[in-house]
Every structure is written in structure tokens, then in C-alpha cells.
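Take a look at the protein below. This report walks through its fold, its annotated sites and its packing.

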Amino acid sequence: MSRTLSRADQLIHQFDNVLRTLVPGAATASRPSPASSDIVDAEMSVEEREYAAGLMRINHTGEVCAQALYQGQGLTARLPDVREQMEEAAQEEIDHLAWCDARLTELDARTSLLNPLFYTASFGMGALAGAIGDRISLGFVAATEEQVGRHLDEHLETLPAGDQRSRAVLRQMAIDEAHHAQQALEAGGARFPGPVKAGMTLMSKVMTSSVYRI
């Protein structure tokens, strides 16, 4: 039998989630990284490695935002099955977070210093969406994942040709994100209108342009 968590238990669990999301190296993937040992990078110049690191830093921050979004939504979602779906998707996003973190380490690069700021903003948006209603919350997931998928496609096209390990990670992430978006819509998520998606795209550009180097 499962027991109902007390308020204190919930706060401790939430604090643990925050630490696992924001502390470099704290996230543990449940699946092996797609950048397996048999995938080897070709030689890259210093500039190419720095560019690849900038892209992977953007993707890592994107996963920080995804974790915060799912955690916020899971906190306020009304239906148990919606909460469970959020938790399942959040686990796969932890995999992405850990894979990006590991790849940044391989590229001798760090995660973004702005991650706490973007985590806080994303958590707030997720909690608000969940409080408004599960249909809006799921629609927000779908719209966000579709946007992330477009970013991943762009990065796959612009990564240095020699960076095969990052490419392997991003390919699997793209598959997972498309699955999350489809799941959210099938569960009853609202399809957001163009102006709302345009606003989300603008916010995304602020994130990508700021964390590429910081």
C-alpha cells in the first residue's frame, strides 16, 4: 500500500527535484546515453568544439526548463492520470538532462549560470498552467515540446560534422520530445493558437541567445 505524502514530505521531494535539476552532475539517467562508447568524434577545431558546447549548453538549459515545467504542472494538475503522465515525461527529461550534462563535460564546458533563473520562471509557468486546467496544461506541454523539437532539428543541422556524440544524443532527444507532444495532445491537450506560440518562440529566443555563452 502506498501512503499519502505529508506536506513536509512533498516539500522535501520537491527540494530534491530542484537539486537534481540544477546541480551539475546530480541528475542520474535511467537509460544509457545514446553517445555510446562505439561512437567516436572526428577531429574538431577549437572553434568547432566551442560552438558545439554552446549548442549543448542551450539544450541542457532547455531540459532544466522542461524539468521545472513538468514539476510545476505535476504540483497543480487536477487529474491523477495527468500527474502520472507528467512524472513519466519528467523522468525521460532527466535522462536528457544527464546526457547533455555529460556531453558538456566531454567538451570541457560548463552548464549555464542562468539555469536557476530559467528554472524558476518555467516552474511558475508550469504551476500556473496546471492551476488553470489540465487541458491548458497539456496543451502547454505539446506546444513546448514542438518548439523544442524544432530547436533540436536546427542544432542537428548546424552541429560540426565531427561531433557525432552530440548528434547521437540530440537524435534520441528529438524522438522523445515528439512522443511527449503527441501524448499530451492525445490526452486532451489544447492546440494553442498562433499568437500564443509566437510569444513562446520569442521567450525561447531570449533563452537561447543568453545561455549560449553564459
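## Buried or exposed

A residue counts as buried when its relative accessible area is under 20%, and as exposed when that area is over 50%. Glu 177 has a relative accessible area of 1%, so Glu 177 is buried. The model is predicted. Of its 214 residues, 49% count as buried.

## The overall fold

The protein has 7 helices and 0 strands. Along the sequence the pattern reads α-α-α-α-α-α-α.

After α6 comes Gly 188, with a positive phi near 110 degrees.

## One annotated site

An unreviewed UniProt entry places a "binding site" feature at Glu 63, Glu 93, His 96 and Glu 177. These residues span 115 residues in sequence, yet no two of their C-alpha atoms are more than 10.6 Å apart, so they gather at one spot. From this set, Glu 63, Glu 93 and Glu 177 belong to the lining of the second largest pocket.

His 96 sits in helix α3, residues 80–106. His 96 is buried, because its relative accessible area is 0%. Beyond its neighbours within four places in sequence, His 96 is in contact with Arg 31, Glu 63, Met 173, Asp 176 and Glu 177. Glu 177 lies in helix α6, residues 164–186. Leaving out residues up to four places away in sequence, Glu 177 touches Glu 63, Glu 93, His 96, Glu 145, Val 148 and Leu 152.

## A second annotated site

The UniProt annotation "binding site", again from an unreviewed entry, also covers Glu 93, Glu 145, Glu 177 and His 180. This set is spread over 88 residues of sequence but clusters in space: the largest C-alpha distance is 11.0 Å. Glu 93, Glu 145 and Glu 177 from this set are in the lining of the second largest pocket.

Where is Glu 145 found? Glu 145 is in helix α5. Its relative accessibility is 4%, so Glu 145 counts as buried. Not counting residues up to four places away in sequence, Glu 145 touches Tyr 70, Glu 93, Glu 177, His 180 and Ala 181.

## The nonpolar cores

The largest nonpolar core has 17 residues. Those that touch the most other members are Met 56, Leu 107, Leu 152, Leu 159, Val 169, Leu 170 and Met 173. Helices α2 (46–76), α3, α5 (134–158) and α6 each supply at least two residues of this core. Another core lies apart from it, with 8 residues, among them Val 64, Ile 94, Leu 97 and Tyr 119.

Leu 159 belongs to the largest core. Not counting residues up to four places away in sequence, Leu 159 touches Ala 52, Leu 55, Ser 166, Arg 167 and Leu 170.

## A stacked pair of rings

How many aromatic pairs are there? The count comes to 1. The rings of Tyr 119 and Phe 123 have centres 6.2 Å apart and planes at 20 degrees. Planes under 30 degrees apart count as stacked, so this pair is stacked.

Both residues lie in helix α4 (residues 115–132), 4 residues apart, about one turn of the helix. An α-helix has 3.6 residues a turn, so residues three or four places apart point the same way. Tyr 119 counts as buried at 6% relative accessibility. Phe 123 is buried too, with a relative accessible area of 18%.

Asp 108 is in the loop between α3 and α4. Asp 108 is not a glycine, yet has a positive phi of about 55 degrees. Most residues other than glycine have a negative phi. With 71% relative accessibility, Asp 108 counts as exposed.

Arg 49, in helix α2, is partly exposed, with a relative accessible area of 28%. Leaving out residues up to four places away in sequence, Arg 49 touches Met 44, Glu 106, Leu 107 and Asp 108. Arg 49 and Leu 107 are 58 residues apart along the chain, but their C-alpha atoms are separated by 6.6 Å.

Conventions
Residues are numbered from 1 along each chain as its sequence is written. This is a predicted model: local features need pLDDT of at least 70, side-chain atom pairs count only at pLDDT 80 or more; totals for chains, interfaces and linings use all residues. Side-chain values use heavy atoms; hydrogens and water are left out. UniProt positions are given in the numbering used here, feature names are shortened, and annotations may be inferred rather than shown by experiment. On a 1 Å grid over the protein atoms alone, a cavity is a set of points where a 1.4 Å probe fits but cannot get out, and a pocket is an open set with protein on both sides within 12 Å along at least five of seven lines; lining residues have an atom within 4 Å of a point. Buried means under 20% relative accessible area, exposed over 50%, partly exposed in between (1.4 Å probe, protein chains only). Contact means heavy atoms within 4.5 Å. Rings of Phe, Tyr and Trp (its six-membered ring) pair if their centres lie within 6.5 Å; planes under 30 degrees apart count as stacked, over 60 as edge-to-face and the rest as tilted. A nonpolar core is a set of buried Ala, Val, Leu, Ile, Met, Phe, Trp, Tyr and Cys residues joined through side-chain atoms within 4.5 Å.
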